[in-house]
Every structure is written in C-alpha cells, then in structure tokens.
Amino acid sequence: MSMMLMIHPDKCTGCRNCELACSMEHEGNFRPKASRIHVYTWEREGFSVPMMCQQCKDAACVTVCMPRAMHRNPANGQVELDADKCIGCKMCVQACPFGCASWDFQGLQILKCDTCDGSPSCAAICPTHALEWVEDTISAQARKRSFAAKLKNAFAEV
Amino acid sequence: MHGWIGRILRIDLGTGKVSTEALKPELARDYIGARGLGTKYMYDEVDPMVDPLSPANKLIFASGPMTGTFAPSAGRYDVVTKGPLTGTIAASNSGGAWGPELKYAGYDMLILEGRAEKPVYLWIQDEKVEIRDAAHLWGKDVPETTEALNAETAADAKIACIGPAGENLSFIAAIMNDMQRAAGRTGVGAVMGSKNLKAVVVRGTGAVTVADKDAFLAAVAKASTMIKEHPVGGTGLRLYGTNVLVNILNSVGGLPTANFQDGHYPTADKVGGETLAANQLQRPKGCFSCIISCGRATKVTNPKYKGEGEGPEYETAWGFGPDCLIDDLDAVLKANYYCNEYGIDTISMGGTVACAMELFHRGVITLEDTEGLELDFGNAEAMVEAVRLTGLGQGFGRKLALGSYRLASLYGHPELSMTVKKQEMPAYDPRAVQGIGLNYATNNRGGCHVRGYSISPEVLGVPFKVDKDTIDGKAELVALFQNLTAALDSTGSCLFTTFGIGAPEFAELMTSLTGFAYTGESFVEAGERVWNLERLWNLKSGLTAADDTLPPRLLKEPIVTGASKGAVSRLPEMLPLYYGVRGWDADGVPTKEKLSALALA
Ligand code: SF4
Ligand code: SF4
Ligand code: SF4
C-alpha cells in the first residue's frame, strides 16, 4: 500500500497557496513558475483544478529517461528524480501525457512533484482540503462512497 | 530587497518611452507599498489640482511587499491616481492574481503617464514590454477582453482591463482584473479609459524572496491559525460571504433602505448571504493566497436574469436590493454581473440607481428624462436595465454613469445624493452606527467603509464590543482603524485578515519578510503617515473641512422603523474630537508638529 495526493476540484477555491508552498519548499522563495503543482482556473465559471504528477505506475517519464534519472522508488512507489543523473534532455517533459514534468529555464532543472518526501507541503497548506495525502486504496473508496451518496440523493428525489 | 522586488516600471503612453528605476528602500520601509507607496509617488510627482482625466494625471498600479507571498490573504494591489468621481487621491484595491503576477514579472509598481493616441494595451513579460494596438478590443466587455487577450498573449497571463464603462469615461467605472475582481471605487476605470489604455497584460517568471525564511514561515503559520480559528475569518465568510451582513445590519436597524430614507427592510433576508448559499451559490472562491474564501461563484438559471460570475458582496446585494426596495436576488445578481462585465463599481452603481429612483418617485425626473424607464423603487427589471444602459453608456444610462451626485445636481437636488465627497456611501447607516458615519465623513476617498471599518467593533463585536449608538471614544476608534487599515492595505493584505490578526502579527510578518524591523506601533504609525499624506493631497486639491460631512438627511431625518428608529448621526459633535485625536487644527489641517512627528514635514 502506498500514499497518494487526492485532488478534490469541487473544494478548490483557486487560491494557489499550494503553488506557493511548493515553490517555498523546493526553491526557498515564492516563484509559482517553479512550482511542481499548478492550479488552472476557468474564470467565467469560477472553477479551479489543481494538477501535479500522479506518480503513474507505468510512468512514461521513467520509460523515456535514458540515464535512469527518473526512476521508481520501490520503497514508497513514487516516481523520483535523481537530479545528479539528469542530463536535461527534457524527454520526460515530452513524454508526460499530463504535462506534469516541466523544464525550469531559470533553475535549469526538471520540475516534477516529489511528494515532498512523503509530506506534501501543498496538502498541508490547502485551506479547504482540496488536496489530501491519503492511502491510495482508502482514498478511492472514499471518493466512491461520496459519489454513491450523490447518486443516493438523486435517486431519493425521484 | 526582500518582499519588495526593488524595481518600478514606468511607461509614458504618450511617447511610448519605457523605463525602469530602483525603488528607494527608505521609501519602501516608511510607506510600505501598494496604497501608501503609490500615494507617495503621486504626491511627489503630480499636481493635486490636475484634471483627473487629463494626460497629466498618472495611473499607478502598486503591489505590496506581501503580495505574491503566502502570507494569508495577501495578494492584493492598489490602483492609485486622482479619482474623477471624488477629486480626491484614489487608491482602489483589488485581489485576484494580477498583483502577484506584476511582482513575478519583476516590478513592485507600474507608473503610467500621458495618454496614448489611440487604444492600446500593454503586454509585459518580465523585462519585455510592448505597447500594442487595442483597436480590436475597444468596445468589448471584460470577459470578452480577458479571453481575447489570453488567446493572443499567453494562456496564463494575468489581465487587468476596463470594460465599456471605462472607455466611456463613466465616473463610476472600475478596473477589472482576473475577469471577476474589481478595483472599483472613485472611478479609476475612467482614468484608464482617458489614457486610451484597454488592458495591462502581465506574465512573470521571477520570484519574491524572503529575508528570514524560518521566522516568516512561523509568522505565517501563527497568523493563519489565528484567522482560521476566528468565527468570522475562519468559517463565516467562507460559508456565506460578506453578504451574511444583510441580516445582521437589518437586525440592528442599520441597513439603509430606499436611498437611506430608512434603516430597516422587512424582507431583507431574501437577498442575504444565507439565501444566496441555499440557491445561486456554486462554490466559495479565494483570491491569490487567500485562506478565507469569501468570493462567491454564482449562477442564475432564471431565464429573465440568467448569468454566471462572481458576487454579490454584501454592499452589492444591499445597493441593488434594499436600497432600491428590491428583494429579488436573481435581479440583484444580474445587476452585479453587468457591473463586472461592463466594469462598473457596484456600490456607486447601486447608490446611483437608488438616488434616481428617489428622484423619479418624487417626480423630480419623469419618464421623459429616463427615456421610458419606470425607474421607481421596487422595480427590479428597471433597475437591471438601468445598470445595463449605464455600462454601455446608452439612453438614461449616460446620466447614471455620472454617479448620483452629478445626476442629482443636474436636476437641482444634490441633497438626494447619498454621497460623501461625491462618492456613494456603502451599506451601513451612519444614523444607526455612529462611528461609521464619522469614518465616511472623514474618509480620504469619500463615502467608503473599508478604510475605517468600525462596523467590526460597533456591530460585530470584533475584536472588542463597542456601543454603536454612543459617540464616546469613536474619534479614537475611527482614527485607529483608519491608520491600521492604511498600513495593512499598503502591505497587499486583505482587510478581512483583521478577523483574526492585528498590528503585532502584521509587524511580525513584515519584519521577517522584509528584514526591516517593524513593531505594532511603527506599523500603525506608517498607516498614520499614509493617512496624513492623503489628507495633505486632498487639501492641496482644494478640499476643506466643509467636505468632511454627510448628506443632510443623515444629520436631520431620523430613521423611521426598526431597531434604530429615531436615530440621527451625531457627526457635528464627533468631528472636532476627531480632528483633535488626529493632531489637526480646527480646520482639519495637520499641524506642523504632527507632520514632523510623522516625518512628513
Ligand atoms: S530531462 Fe532528466 S529526468 Fe527528464 S528524461 Fe531527460 S535525463 Fe531523464
Ligand atoms: S507534494 Fe510537494 S512537490 Fe508535490 S506538488 Fe505538493 S508541494 Fe509540490
Ligand atoms: S491550496 Fe487548495 S484550494 Fe488553494 S488552489 Fe491549491 S488546491 Fe485549490
């Protein structure tokens, strides 16, 4: 069993505190462009969705990384980057279907969520718990249950 | 520098000259940023007698040192200029993500001078600054402009722009950023329009740095906890937004009704925050770095008033609701959406429609004047149409676009305009709540609640309870709140953080962030410095103590019904006390001693 970052866009207010916390954790300053998480907001509808690496099991970034800088840590199941091995070829950037590996042209580094070594700063700061660090199996069950509750309400009405 | 970027971008729209200059550290320390620093630059560079809509007026977009950090709810910026509505120094403050982006692009402030020959917009990407043609955007509303600009610049660029109201130089036009947030008050949108400037588009890749990281993280954690544990800052505002105040103010008899003819409205609950939460609310929204989330993403499905967007704030719901004798929340929301789309200040718009309704009700204006609009109290459809026409500058809307003071004066009845220094007062009746009346009368930008929010102690009991009906201690209270607010506005913080933290916490945040040592006292003193500088500007622009007053109605006509029945404002008794507390002479002029104590002499 491993941990995962659950995203609840319905609770997200679009405040971007998560971006700031991520930048502070990794860069020691506030630079959202260097954050490993980004929040997308649709202003007309007032809807926001935070996005970060989902630590895929079959990770495209790992597959394409020739020097094996991007690799899976068997201990915790996370996809990790060994910055010393990285040659900056940006193949992972091209490979990630979610756009969650990116190239920081100022820091000359790959930006990818490292779960803050198992203690995510973004989830800690999120004021509405739109980000949660939970056991992967339990988390899915919780979401299933909450969706089932919505269905129950819908059916109860007819 | 830490907190501040240390650099100012200056653009002369007339000549197209773009330059940058260093921010002086002592000025930053003493005037902090945003409202304070912007005012200092206006004071040093612009003649207070300037015509607000002439090229000689400047338009300053100023962030604060906390803007762009994760200090709780501190992502704001101010638009500082001479306001065409009031003729005062203007600083209109807005949240969203535009202010932080300006800093990431590498600037604390953007100073705009002159006037472009034809419509333009600015495209600022870090060091790269372009003045681009905006002919294709002129006439577009705010959402259309925002989407068009995101498409032709960058999807993640942040946009501040005007809508048709600003283009038409409406005295109540706002500058809108991030589509839904407004620098609303004093008509700053018209200044932008007068410069032929449709939008400022910014994308930044840089950083805001911190002087003492560990101390700053500790100060942020402490401040956040205090706000989260506060019943208003922590949960109240997220659940119901600012509009939770409708029922609270109504219950104390301080909800101005029918253009301030009364202080109580029997069906107020129908436009309150609780009703909104049960019906039109989609979800709470937060500005950049906000932990409070008072923003309301709302949607109206009623075909008559269909729309979606952000709002309403309490003042908006009140202005289009009880102040117009309207209790149809869908109509209120539609009026709010129009304001956001066309770029109008909702408070001044609401107050102006209410004033027009009283003029109509009394027969001062007729259907002929309104071009067929039955603009009487209670007519929700006419109210919404009046807002639309104002936004587009059509029909009777052209007169409404002047604001209520100029409108009522046109028809010979300035006393029916519920304004201070020509700006519409917000949703708290000065007869029912004595301190707020003193704040309105003495406010440096006219009728305004957010720069001396004495409602907090007088009505909400935060951070301590004060009798709303007494005048004892109100001069001290109002001056203190005005000073504290001037300082916190200048940091880039949101006023609502004071539902949780005060001067000592701001001082800790500022000290650890910037490396300059602030104490609670020196922080409030910086606010007092800003307040006095604003006062000096206003005096130089021709205002006098005679302008520190309220509409005669509030001094003479008692509230008719509700919990504050019989009350009038006792401003004439409070004003001399206030001048005394301020260290000003009997004419409201700061004394030499006061000015030198604040290093303003
Ligand atoms: S940029 Fe670095 S981590 Fe990404 S694929 Fe290339 S070597 Fe691997
Ligand atoms: S877990 Fe850490 S690295 Fe990943 S997005 Fe959140 S703050 Fe950034
Ligand atoms: S901190 Fe939470 S609420 Fe704020 S943008 Fe990030 S995920 Fe959304």
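Colleague: In what order do the elements of chain A run from the N terminus on?

Modeller: In this predicted model, the order in chain A is β-α-β-β-α-β-β-α-β-β-α-β-α. That comes to five helices and eight strands. The C-alpha atoms of the chain fill a box of roughly 60 × 35 × 25 Å along the principal axes.

Colleague: What share of the residues of chain A counts as buried?

Modeller: Of its 158 residues, 41% count as buried. As for contacts in chain A with a separation of 6 or more, 54% of them come from residues 24 or more positions apart.

Colleague: How do you know that A:Cys61 is in no disulfide?

Modeller: A disulfide needs two cysteine sulfur atoms within 2.5 Å. The nearest cysteine sulfur to that of A:Cys61 belongs to A:Cys53 and is 6.2 Å away. A search of the whole structure finds zero disulfides over all chains.

Colleague: Why is A:Cys61 called buried?

Modeller: Buried means under 20% relative accessible area. A:Cys61 has 9%, so it is buried. A:Cys122 has 8% relative accessibility and therefore counts as buried.

Colleague: Which residues are around ligand 2?

Modeller: The shell includes A:Cys22, A:His26, A:Cys113, A:Cys116 and A:Cys122. Helix H1 (17-27) and helix H4 (121-125) of chain A are the elements that give two or more residues to this shell.

Colleague: What makes up the shell around ligand 2, by class?

Modeller: Seven residues are nonpolar, three polar and two charged. A:Arg36 and A:Asp114 are in the shell, and they count as charged because Arg and Asp belong to that class.

Colleague: Which residues surround ligand 1, and how do they divide by class?

Modeller: Among them are A:Cys65, A:Cys86, A:Cys89 and A:Cys92, along with A:Gly88 and A:Lys90. The shell divides into nine nonpolar, one polar and one charged. A:Gly88 is in the shell, and it counts as polar because Gly is placed in that class.

Colleague: Which residues come nearest to ligand 3?

Modeller: A:Cys12, A:Cys15, A:Arg16, A:Cys18 and A:Cys126 come nearest, out of 14 residues around ligand 3. By class, nine of the shell residues are nonpolar, four polar and one charged.

Colleague: Turning to chain B, why is H21(B) called oblique to H23(B)?

Modeller: Two packed helices are described by the angle between their axes and the distance between the axes. The axes of H21 (residues 520-540) and H23 (residues 571-582) of chain B come within 12 Å and cross at roughly 120°. That makes H21(B) oblique to H23(B), because roughly perpendicular covers 65 to 115 degrees and roughly antiparallel starts over 145.

Colleague: Which residues meet where H21(B) and H23(B) are in contact?

Modeller: From H21(B) there are B:Glu528, B:Trp531, B:Asn532 and B:Arg535; from H23(B), B:Tyr578, B:Tyr579 and B:Arg582. The contact has three nonpolar, one polar and three charged residues.

Colleague: Where is B:Ala545, and which residues does it touch?

Modeller: B:Ala545 is in the loop between H21 and helix H22 (552-556) of chain B. Leaving out residues up to four places away in sequence, B:Ala545 touches B:Arg535, B:Tyr579 and B:Asp587. B:Arg535 and B:Tyr579 also take part in the contact of H21(B) with H23(B).

Colleague: What makes B:Ala545 partly exposed?

Modeller: Its relative accessibility is 22%. Partly exposed lies between the buried limit of under 20% and the exposed limit of over 50%, so B:Ala545 counts as partly exposed.

Colleague: How far apart are B:Ala545 and B:His2 in sequence and in space?

Modeller: They are 543 residues apart in sequence and 40 Å apart in space, C-alpha to C-alpha.

Definitions and conventions
Residues numbered from 1 in each chain as written. Chains lettered and ligands numbered in written order. Predicted model: local features only at pLDDT ≥ 70, side-chain atom pairs only at ≥ 80, totals over all residues. Heavy atoms only, no water. Near = heavy atom within 4 Å. Buried < 20%, exposed > 50% of the residue type's maximum accessible area, 1.4 Å probe, protein only. Axes fitted to C-alpha atoms, helices over the stretch in contact; angles between N-to-C directions. Helix = DSSP H or I, 4+ residues; strand = E, 2+ residues; numbered from the N terminus. Parallel < 35°, antiparallel > 145°, perpendicular 65-115°, else oblique. Contact = heavy atoms within 4.5 Å.
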